[in-house]
Amino acid sequence: MINIRNTTKLDRDSVREIHLCAFPENENQAVSKLAVDLLDEDTTPETISLVAEVGGSLVANIGFSPVTIHDNQEWSGYILAPLAVKPEYQKSQLGSGLIKNGIEQLSNKDVNMLFVYGDPKYYGKFGFKPELASNYAPPYTLKHSFGWLALTLKEDISIQLPTQISCIDSLNHPELW
Ligand SMILES: CC(C)(COP(=O)(O)OP(=O)(O)OC[C@H]1O[C@@H](n2cnc3c(N)ncnc32)[C@H](O)[C@@H]1OP(=O)(O)O)[C@@H](O)C(=O)NCCC(=O)NCCS
């Protein structure tokens, strides 16, 4: 049976392990550190981390943290990062389940936009599009600019575009972009 729940600080070692074994060696240290660091973030609005549990083992993890636009307190944005499913559990809809669960939670929080930096072929299935992200400059220059994607959860017509977004400390490292 699959159970999706909020991650706790007690899950730290399992979360680190999920990302270490899912990502290639050139990325897995930085990404697993991010996943664990999110558990210590005390942001407003809150940083969200979810895990998928199968048969009592944690096999997938996803993080969502707030992003901000200077001088605009009304607009609410989040970024999805990181996401990993242990290799032996991939292609079982666990990644999709975590993404959909997170989108539902953020929709109930009146969030305007959700960003992700990832494969458009995968995230496109959930409605993420490069054209929705293109007027929101990420905090760092991207190595793969085609992977900068966004999903509109609630329109905000008052926003002045183009604009620059800022992220929380855990994501504020150029090697993650
Ligand atoms: C990418 C990842 C999170 C997907 O999770 P998952 O649970 O295996 O995916 P799901 O079961 O929800 O979806 C599977 C579908 O997505 C497709 N898919 C998986 N990764 C994909 C990718 N990078 N590009 C396009 N399609 C992809 C599968 O082929 C499958 O397609 P199908 O349903 O038509 O058969 C997982 O493969 C993973 O952890 N990869 C390593 C870490 C990583 O790359 N994380 C994402 C960084 S942005």
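**Entry 1: the shell around the ligand**

I sorted the residues of the shell around the ligand by type and found nine nonpolar, six polar and four charged. I note that the model I examined is predicted. In total, 19 residues surround the ligand, and I listed V85, K91, Q93, G95 and S96 as the closest. I then looked up where the shell comes from: β4 (72-85), α3 (94-107) and α4 (120-123) each supply at least two of its residues.

**Entry 2: polar contacts and cover**

A backbone N or O atom of Q93 lies 2.6 Å from a ligand oxygen. For V85, a polar backbone atom is 2.8 Å from an oxygen atom of the ligand. Q90 takes part through its side chain, with a polar atom 3.4 Å from a ligand oxygen. On its own, the ligand has 900 Å² of accessible area, and I recorded that the protein covers 67% of this.

Which pocket does the ligand take up?

Which element gives the most to the lining of the largest pocket? I recorded β4, with seven residues. Elements that each supply at least two residues of this lining include α2 (28-37) and β5 (113-117), and α3 and α4 are also among them.

How values were computed. Residues numbered from 1 in each chain as written. Predicted model: local features only at pLDDT ≥ 70, side-chain atom pairs only at ≥ 80, totals over all residues. Heavy atoms only, no water. Near = heavy atom within 4 Å. Polar contact = N/O pair within 3.5 Å; in protein donor to acceptor, adjacent residues only side chain to side chain. Areas by Shrake-Rupley, 256 points an atom, 1.4 Å probe, with all protein chains shown as cover. Helix = DSSP H or I, 4+ residues; strand = E, 2+ residues; numbered from the N terminus. Nonpolar A, V, L, I, M, F, W, Y, C, P; charged D, E, K, R; others polar.
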